[in-house]
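This report looks at a few residues and surface patches. Keep the sequence and the model side by side while reading.

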Amino acid sequence: MSEPLTTPLALAGISHHTADIATLEAFRFPDEVAFLREARERFHGVLLLQTCNRVEVLVQGDARSLEEFLHVMGRDGFTVIEGEAVPRHLLELAAGIDSLIVGEDQILGQLKQALAITQEAGTSCAAIELCINKAVHAGVRVRRQTGINRGTVSVGSAAVTLAEKLLGTLRDRHILVVGSGEMGVLVAQALAAKGLTAIYVANRTYDRAVILAEKIGGLAVNFKDLYRYIALSDVVISCTAAPHAVIRTEGVREVMKERLWPLDRQPRHLILIDIAQPRDIEEGVREIEGVHLFTIDDLRSVNEAAMASRRDEAARARQIIEEELEHFIRLLRRTAADETLALLYTWAESIRGRERDRALARLGAVDERTQAIVDDLTRALTKKLLADVTTAIRASAERGDIKGAETLMKAITRGESCFQNEE
């Protein structure tokens, strides 16, 4: 059982560890902002992380409420963790040791993006912001102090490794990359060093395809010519952010007719690698003779090879995680203290303002400089009077004793003795 935190946190979701790509696809929330805002009705803060191999929901709240909420949203088959297990999982995730491709760097950007969306949707809170920022910081440290991200370190580069494994070599091959976002860039960069005869880059926004093609010495393709260039390619790697399939079964069926030369008995084989989530390529293409479709599920073998070569680095990463975890938990507990201190300082400010106004009234007509001096004096006195108790409340919270922190506050704000025996 995980240790409780003074700030209740829970995380639920599914990942490549237990779910295939079809299950992940069905679990996704297409409208992230709508989901976040609905969840905000139940939780103090909520964040949604959706990548090509995981969907996870982080909330400031309890695990049972999160589980009930996801059931209401029509989701099941997920796991739920709470307490100390949450910051530990986030550290492992950011370090890259929980990823499909061990050591991959993209998760850091994905965590930042998830936090940005949460902030824009108005569903963030201090605890969630601390969780993501601390996890990213630790992830950067792991990569700086270990070699966990050497070699094949992204789903995009793993797709290229898979293509190379299937064909033996990519030298003198023609490859089409569909999509010029972050994943498309990673795929194209991995391909650029393979001695290809041609790299085609297709994107719905042609200008973006041009920019990427120029970087790698490839050829930009207008999206309306997509199937024409599929016909010319040995391998197609698709990784768009489209909410629906962009490569259709019937289109590929027509393409394969063009790949059948007059004296050939069978069409030239075509390898399609779909690393998008949701998927870019219709499942029906598997039924077409000569077509071989691979998805993120097929990258597991690449990850196993990567894990074997990085086992020692992953062990070092776990040592760093243990070091970071203790500090992480202290910061989370301090966040709970901040809420208690906010109430204390609100109470003190109301008294300060009232007594300042009384003093100014007794002085009679005074100039603005005198008013400012009185105001500064009362602020300084309030700050000094609360300095020791602020330190004590934060220390109590960091030890996990939030009840002691609350007792200190009540002793001041309600005149209750912190030494009074409970009846």
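## A nonpolar patch

Leucine 385 is part of helix α14, which covers residues 368-398. The model is predicted. Leucine 385 counts as exposed because its relative accessibility is 70%, and exposed means over 50%.

Together with Leu377 and Leu381, Leu385 makes a nonpolar surface patch of about 330 Å².

## A negative patch

A negative surface patch is formed by four residues: Asp62, Glu67, Glu68 and Glu82. One of them, glutamate 67, is found in helix α3, residues 63-72.

Glutamate 67 has a relative accessible area of 35%, so this residue is partly exposed. A patch residue needs over 30% relative accessible area and no salt bridge.

## A buried aspartate

Aspartate 274 belongs to strand β9, which spans residues 270-274. Is aspartate 274 buried or exposed? Aspartate 274 is buried, yet has no salt bridge. The nearest side chain of opposite charge is that of arginine 279, 5.6 Å away. A salt bridge requires a side-chain nitrogen of Lys or Arg within 4 Å of a carboxyl oxygen of Asp or Glu.

The side chain of aspartate 274 does reach the backbone nitrogen of aspartate 280, at 2.8 Å.

## Threonine 161

Threonine 161 lies in helix α7, made up of residues 155-167. With a relative accessible area of 28%, threonine 161 is partly exposed.

Along the chain, threonine 161 and alanine 190 are 29 residues apart.

Terms used: Residues are numbered from 1 along each chain as its sequence is written. This is a predicted model: local features need pLDDT of at least 70, side-chain atom pairs count only at pLDDT 80 or more; totals for chains, interfaces and linings use all residues. Side-chain values use heavy atoms; hydrogens and water are left out. Patches are made of residues with over 30% relative accessible area and no salt bridge: like charges are joined within 9 Å, nonpolar side chains (Val, Leu, Ile, Met, Phe, Trp, Tyr) within 5 Å. Accessible areas come from the Shrake-Rupley method with a 1.4 Å probe; for residues, only the protein chains shown count as cover. Lys and Arg count as positive and Asp and Glu as negative; His and the chain ends are not counted. The place of a charge is taken as NZ of Lys, CZ of Arg, CG of Asp or CD of Glu. Helices (H or I, at least four residues) and strands (E, at least two) are DSSP runs, numbered from the N terminus. Buried means under 20% relative accessible area, exposed over 50%, partly exposed in between (1.4 Å probe, protein chains only). A polar contact is a pair of N or O atoms within 3.5 Å; within protein, one must be able to donate a hydrogen and the other to accept it, and residues adjacent in sequence count only if both atoms are side-chain atoms.
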